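Visitor: Hi, could you walk me through this protein?
Guide: Gladly, and here it is for both of us to look at.

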Amino acid sequence: MMMELHNKPVEEPESYGFPPIHNVVIQGTHLSAHNLDQYESSSATSNYHVQSSPSSLSFSANGSPTSQPDLQSNQSSGSPINQSCLTNDGGGLSHKIRELESVLLGNESDVLDIYGITSQVRHNQVSSEEQNWKQMTEMISRGDLKEVLCACAKALAENDMSTTEWLMSNLRQMVSVSGEPIQRLGAYMLEGLVARLASTGSCIYASLRCKEPASAELLSYMHILYEVCPYFKFGYMSANGAIAEAMKDESRVHIIDFQIAQGSQWITLIQALATRPGGPPHVRLTGIDDSTSAYARGGGLDLVGKRLSRLAESYKVPFEFRAAGISASEVQLEDLGVQTGEALAVNFAFMLHHMPDESVSIQNPRDRLLRVVKSLSPKVVTLVEQESNTNTAPFCPRFAETFSYFSAVFNSIDVALPREHKERINVEQHCLAREIVNIIACEGVERVERTELLSKWRSRFIMAGFSPYPLSPIINATIKTLLQSYSEKYTLEERDGALYLGWMNQALVASCAWR
């Protein structure tokens, strides 16, 4: 590489300086100086003055750096340059120019290395893109629905719109609400991706609510899911077992249920308390509502109260129902109607994950509610939650987690309800699809489905001042008996005082108690 360096005369302190040098050509590390003798002869009679302005570095039209000091000659001032400056320091001048060349240009091999590295990076980028397209094409050709869904989620997260839309068009040919479990799940996950792409997740979530069937039909779909899969029964039975164990010697019991739904959980507890040695206690039940359950009931909490009151009367259990028409995130101590002389039990079954936490609101309603409950000094608090992390996980890990979790759920439904079952699509669409779409398509306050692993719930309860209340072995045995009525692929595991219900290798629901 060839580069010309033009250097005007510079006066050093104490009248030491270099003569003007023109046409000095640097070629690699070789310096060619033309007609040095003429500069020697002219320097003896020339005077130079250096301005105080610093030298500047610019680049010529071909990209070569050129040093251009701001210098002016002045015939009336300055010291004459001694002829010996050049003859005595010729080697020093060459050395200084080589140093300057090295600083500005680097070695020739370094420049070549830079071009080589840049070329290699570009080549690697192209190769990587080609490899990605090849992999995606192979995924589609072999029908790997999970990988194509995850690739589409990744492209969407990276704002790669062309890849996203291309994958979505292929996914539409791969999913079906009436196909294999993975195809049915894929249909709802694709709907979530489309909604996220269009930023209409909350709208679709709301529209699914608006398209709900009549309340009686929705209640029937919820009942089908309750019967064909043991998830709710497992949660309710384990929580009831912990409450019955904690209240075995109490004469007055107050239960606060933060999501009473249809009140189905309390049927078996009322029946169990009726057979307690020494007679049943007086039971007061405070029910807090949620909008979905209210719609399915087709009315307010008074319907739940009347139903449970009739049941308790038939079993001769003293019973009182109290409706609390307030959102759980806004509840205050006075809303709960706690009285002295009562043993208090609090039930959190499948509801705390709907409470916003610190990642959504600085008020952190999730932890605030736990502190409120702790201040009531309950004898037992029961927690039943989905064993899944969709709260603070980034989008792509959350998408993969949702796929793994609901794959197990859809497979379990497939075993219980034949493909041709006319209500199966309705059960999946109205009881599961809305949750899936919300997890995938929504963010911030609009994402209301925010499940956490039991390890995280444990941290929250401990921070609120609770201590674990280990579940009785009797509860474990009772649930094992329950599972005999279902597929052998369901699993039950006891770990660290908690129970986990799973499908094959996937834990789905965790249940534990606190005090």
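Predicted model: local features only at pLDDT ≥ 70, side-chain atom pairs only at ≥ 80, totals over all residues.

Visitor: Okay, so how many residues does H7 have, and how far does it reach?
Guide: Helix H7 has 17 residues, and from its first C-alpha to its last it reaches 24 Å, which is close to the 24 Å expected at 1.5 Å a residue.

Visitor: Which residues of H7 are buried?
Guide: The buried residues of H7 are Pro181, Arg184, Leu185, Gly186, Ala187, Tyr188, Met189, Leu190, Gly192, Leu193 and Ala195.

Visitor: And how does H7 pack with H16?
Guide: Two packed helices are described by the angle between their axes and the distance between the axes. For H7, residues 181-197, and H16, residues 424-441, the angle is about 40° and the axes are 9 Å apart. The crossing of these two helices, H7 and H16, is right-handed.

Visitor: Which residues in H7 and H16 meet?
Guide: On the H7 side they include Arg184, Leu185, Tyr188 and Met189, and on the H16 side they include Arg424, Ile425, Glu428 and Gln429. Taken together, the residues of the contact of H7 with H16 divide into 11 nonpolar, two polar and five charged.

Visitor: What comes just after H7?
Guide: Just after H7 there is Ser199, which takes a positive phi of about 55°.

Visitor: Where else is there a positive phi in a residue that is not a glycine?
Guide: One of them is Ala261, which has a positive phi of about 55° although it is not a glycine. Ala261 lies in the loop between strand E8 and helix H11, which covers 265-274.

Visitor: Is Ala261 buried or exposed?
Guide: Ala261 has a relative accessible area of 14%, and because buried means under 20%, Ala261 counts as buried.

Visitor: What about Lys316, where is its place?
Guide: Lys316 is in the loop between helix H13 (302-314) and strand E10 (319-324). Phi of Lys316 is near 60°, again a positive value in a residue other than glycine, but Lys316 is exposed, with a relative accessible area of 69%.

Visitor: Let's switch to strands. What is the order of the strands in the open sheet of eight?
Guide: The order is E10-E9-E8-E11-E12-E15-E14-E13, and the pairing in this open sheet is mixed. The edge strands are E10 and E13 (490-495), each of which pairs on one side only. On average, and with direction ignored, neighbouring strands of this sheet are turned by 15° against each other.

Visitor: What does pairing mean in general, parallel or antiparallel?
Guide: Strands of a sheet pair through backbone hydrogen bonds, and the pairing can be either parallel or antiparallel.

Visitor: In which sense do E8 and E9 pair?
Guide: Strand E8 and strand E9, the latter covering residues 282-288, pair in the parallel sense over six bridges. Within this pairing, the bridge partner of Arg252 is His282 in E9, and Val253 stands opposite Val283 in E9.

Visitor: Why is E8 largely enclosed by the rest of the structure?
Guide: Strand E8 covers residues 252-257, and five of its six residues are buried, so E8 is largely enclosed by the rest of the structure.

Visitor: Back to helices, then. What do the buried residues of H14 pack against?
Guide: They pack against strand E11 (343-349), strand E12 (380-386) and helix H17 (454-463). Helix H14 covers residues 365-375, and its buried residues are Pro365, Arg366, Asp367, Leu369, Leu370, Val372 and Val373. Just after H14, Ser377 takes a positive phi of about 55°.

Visitor: And Ser238, which residues is it in contact with?
Guide: Leaving aside its neighbours within four places in sequence, Ser238 is in contact with Val384, Leu471, Ile475, Ile479 and Ser511. Ser238 belongs to helix H10, residues 231-246, and at 0% relative accessibility it counts as buried.

Visitor: Last one: how many helices and strands does the protein have?
Guide: The protein has 18 helices and 15 strands, and of its 515 residues, 44% count as buried. Among contacts between residues at least 6 apart in sequence, 74% join residues at least 24 apart.

Methods. Residues numbered from 1 in each chain as written. Heavy atoms only, no water. Axes fitted to C-alpha atoms, helices over the stretch in contact; angles between N-to-C directions. Helix = DSSP H or I, 4+ residues; strand = E, 2+ residues; numbered from the N terminus. Left-handed = near helix turned anticlockwise from the far one by under 90°. Contact = heavy atoms within 4.5 Å. Nonpolar A, V, L, I, M, F, W, Y, C, P; charged D, E, K, R; others polar. Expected span 1.5 Å × (residues − 1). Buried < 20%, exposed > 50% of the residue type's maximum accessible area, 1.4 Å probe, protein only. Pairing = 2+ DSSP bridges.
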